[in-house]
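This report covers the domains of one protein, the contact between them, and the surroundings of a ligand.

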Amino acid sequence: MRLRLGVLISGRGSNLQALIDAASDPTYPAEVALVISNKPDAAGLDRARAVGIATLVLKPKDFADKAAHEAAMIAALENAGVGLVCLAGYMRLLSPVFVQAWHNRLINIHPSLLPAFPGLDTHAKAIESGVRFHGCTVHFVRVEMDTGPIIVQAAVPVSDDDTPDTLADRVLIQEHRAYPLAVRLIAEQRVTVGGNRVSVRGGTMPNTVIAPIP
Ligand code: GRF
């Protein structure tokens, strides 16, 4: 049976789309079972509905507190038989209770080469800092934001005339490769976490990608 993914979104959902597209190949070892959004107008919800994937909108305001909101998310994920939760542009901090409940079964994609540039506005920060390489990171989630064992990174060059938008576009292309790759490695049970490090069994698939400017 394919690994069942629960994808948490707040917006555009292009990384969700990358996972949906990967899973449209029946040999891909995972499938999107449920999409949960905290925003009713998240465009990603339409991407899921368009291919008949179950969606759920859980607005924090409709719950007594954060614990109740997250309890509803956990119940929905468990009912859907989810084995791996993928944060894909989910713009709310998860509590330690949620993070512990899904320990090593909860991953995130972040638009920088962590541990550089945690938080928001990563592309502007990269340009400002003068780094020559930027990129994205798929990592297991830990309580502290944008930390946790790294599964896949993809690096892109920063060019002298980049703006945050042009750099974001270049990174996003790699996000859409890196996220399905990380999910595949987990679904194929090739990923082991030891402390803050991930090791990947089987050398046929690189766990790091350096992408040239197209
Ligand atoms: C991506 O840049 C992702 O790395 C970050 O939020 C953005 C979400 O984009 N966490 P999308 O909704 O997947 O298009």
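## Ligand surroundings

How many Å is an oxygen atom of the ligand from a polar backbone atom of glycine 13? In this predicted model, the distance is 2.8 Å. Asparagine 15 also places a backbone N or O atom 2.8 Å from an oxygen atom of the ligand. With glutamate 175 the side chain takes part: one of its N or O atoms is 2.7 Å from a ligand oxygen atom.

## Domains

The domain assignment divides the protein into domain 1, residues 1–102, and domain 2, residues 109–214. Taken over C-alpha atoms, the centres of the two domains are 20 Å apart. Domain 1 contributes 20 residues to the contact and domain 2 contributes 16 residues.

## Contact between the domains

Together the domains bury about 1,500 Å², and 74% of this area is on carbon and sulfur atoms. There are zero salt bridges between domain 1 and domain 2, but four residue pairs are in polar contact, both residues being at pLDDT 80 or more.

On the side of domain 1 that touches domain 2, at least two residues each come from strand S1 (3–9), helix H1 (14–23), strand S4 (84–87) and helix H4 (96–101). H1 gives the most to this side, with five residues. By residue class, this side of domain 1 has 16 nonpolar, three polar and one charged.

Technical notes:
Residues are numbered from 1 along each chain as its sequence is written. This is a predicted model: local features need pLDDT of at least 70, side-chain atom pairs count only at pLDDT 80 or more; totals for chains, interfaces and linings use all residues. Side-chain values use heavy atoms; hydrogens and water are left out. Domain bounds come from an automatic or database domain assignment. Contact means heavy atoms within 4.5 Å. Buried area is the accessible area (1.4 Å probe) that two parts lose on being put together, summed over both. A salt bridge is a side-chain nitrogen of Lys or Arg within 4 Å of a carboxyl oxygen of Asp or Glu. A polar contact is a pair of N or O atoms within 3.5 Å; within protein, one must be able to donate a hydrogen and the other to accept it, and residues adjacent in sequence count only if both atoms are side-chain atoms. Helices (H or I, at least four residues) and strands (E, at least two) are DSSP runs, numbered from the N terminus. Ala, Val, Leu, Ile, Met, Phe, Trp, Tyr, Cys and Pro count as nonpolar, Asp, Glu, Lys and Arg as charged, and the others, Gly among them, as polar.
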